[in-house]
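Please read it with the coordinates open.

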Amino acid sequence: MHLRLVFLLLGCVATGCAHRELRPALPPPTASHGHLSLAMEYFLEDPNSVEERIARTPNFASSGSTRPLLDGPTLELEPGQAPGVFEEATQVLKGQPTEPQVRQALSELQAACDADHEAACRFLKEQSLQPARLEGDLSHPLGPSLSSSREFAVVIVQCRLDADGRMRDCQAIEDGPLPFAPNLIAQLSACRYRPWTLAGHPMSTPFGITFNLHRGGSSELSLEQKVGWAQQRAARFPESSAAWGNLAMQLAVQRPDDPAYPRALERAYAMAPQDRWTATEMAWRRVQSGQYAAALTALRPVIRRSARHEPLNPYVLETAAAAHFGLRQCTEALAEQQQAVALLPKAWPEPEHARFQLKLQEYQTACAALPAVSATPDPR
């Protein structure tokens, strides 16, 4: 049987891009919270890809926004500060800023957008230009094919795309079972790219590339093989956030009661706390154990950085509502759960619609008998 490339992420700055397939199918309402939340992530990206993307969960490379990663602590602003910071950043970008100044302006614009300043969100959307390959050949990036005794190969390379359009400082995060990464890195280094730009100003950014190959179609993999492969990846590449995220997803879908699941999820979250699915499930588990404030801490970047142009996952809101209710913050809990009910797609399993609505009614009844306590400050 020949090998075929089933998943390719190229030009995925920061946290990756989406792969789309056909033939939709929704998860059963008896699925775990992690399974349902993951399926919703896929549904919101493309309603016609849920079944195939769940089937190909082993090809996980973290999902999320195309914001470039920034060095140093994340800037946070109060809503009243955002307009002034936005004006200062855009004025800098109208001149001839240095790359550090562009980086600082980007940090300020992202913070202003996170503080609900719509002009900053719109500016980032309209004035950001993603990288693209301009010169060079990547038609055979992995060189020799897998040996007949091997079924899988994963290659994850992390580089830095400099402002001059060249890849530098490339490192193999995952490579194997054969040493494919050196050939891939050599070809990447020989290519020239358009760098990431903000308002026409180039800036160096992290650049992640993932190739996943397997022998034949994903239907050839049994559930045990999928979990087994995920476990092998995490064991072989313990510093790979993609490997741990993959293992957590596999277990959430196929073995949610496995004692290994919480450990894999904790490791994935520790390595990639910005990933929406990982952070949401970490928060959900914290809610179940009564760690309500810690749950909101995990959710803060998920809710704030679900860009204005991306639909918000109802399971994120459900989790936030449960955390607020646990803290007796009824105003926030009711608002989050009402929005979750409203955003649940009509095509979603009816038992889930009923469960979301019942939870809202439970909050309304309980909150009517409780004194109002409001979150101060708003955890977002």
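1. Basis. This is a predicted model, in which local features need pLDDT of at least 70, side-chain atom pairs count only at pLDDT 80 or more, and totals for chains, interfaces and linings use all residues. Residues are numbered from 1 along each chain as its sequence is written, and side-chain values use heavy atoms, with hydrogens and water left out.

2. Overall make-up. The protein chain has 14 helices and nine strands. These are DSSP runs numbered from the N terminus (helices: H or I, at least four residues; strands: E, at least two). Of the 380 residues, 52% are buried. Buried means under 20% relative accessible area, exposed over 50%, and partly exposed in between, with a 1.4 Å probe and protein chains only. Take the contacts between residues at least 6 apart in sequence: 72% join residues at least 24 apart. A contact here means heavy atoms within 4.5 Å.

3. The structure holds eleven salt bridges. Each is a side-chain nitrogen of Lys or Arg within 4 Å of a carboxyl oxygen of Asp or Glu. One of them pairs Glu135 with Arg192, with the closest N and O atoms 3.3 Å apart. Glu135 sits in strand 3 (residues 132-135) and Arg192 in strand 6 (residues 192-194), so the pair links distant parts of the chain, 57 residues apart. Glu135 is partly exposed at 43% relative accessibility. Arg192 is partly exposed too, at 29%.

4. Salt bridges around Arg355. Which side chain does Arg355 meet at 2.6 Å, N to O? The partner is Glu318. Glu352 is buried, at 3%. Arg355 is partly exposed, at 31%.

5. A salt-bridge network. Salt bridges also link Asp162, Asp164 and Arg168 in a network.

6. Pro349 lies in the loop between helix 13 (330-343) and helix 14. Pro349 is buried, with 13% relative accessible area. In sequence, Pro349 and Pro28 are 321 residues apart, yet their C-alpha atoms are 7.1 Å apart in space. Leaving out residues up to four places away in sequence, Pro349 touches Leu26, Pro27 and Pro29.

7. Nonpolar cores. The largest nonpolar core has 50 residues. Such a core is a set of buried Ala, Val, Leu, Ile, Met, Phe, Trp, Tyr and Cys residues joined through side-chain atoms within 4.5 Å. Leu247, Tyr261, Trp277 and Trp348 have the most contacts inside the largest core. A second, separate core of 22 residues includes Leu77, Ala89, Ala120 and Met203.

8. Helices 3 and 4. The axes of helix 3 (residues 82-94) and helix 4 (residues 99-114) come within 9 Å and cross at roughly 150°. Axes are lines fitted to C-alpha atoms, for helices over the stretch in contact; angles run from 0 to 180 degrees between N-to-C directions. Helix 3 is therefore roughly antiparallel to helix 4. Angles under 35 degrees count as roughly parallel, over 145 as roughly antiparallel, 65 to 115 as roughly perpendicular and the rest as oblique. The crossing is left-handed: the near helix is turned anticlockwise from the far one by less than a right angle, whereas clockwise would be right-handed. Among the residues that meet are Val85, Phe86 and Ala89 of helix 3 and Val102, Ala105 and Leu109 of helix 4.

9. Helices 9 and 10. The axes of helix 9 (residues 260-271) and helix 10 (residues 276-288) come within 9 Å and cross at roughly 130°. The two helices are therefore oblique to each other. Helix 9 passes helix 10 in a left-handed crossing. The contact includes Tyr261, Pro262 and Leu265 of helix 9 and Trp277, Glu281 and Arg285 of helix 10.
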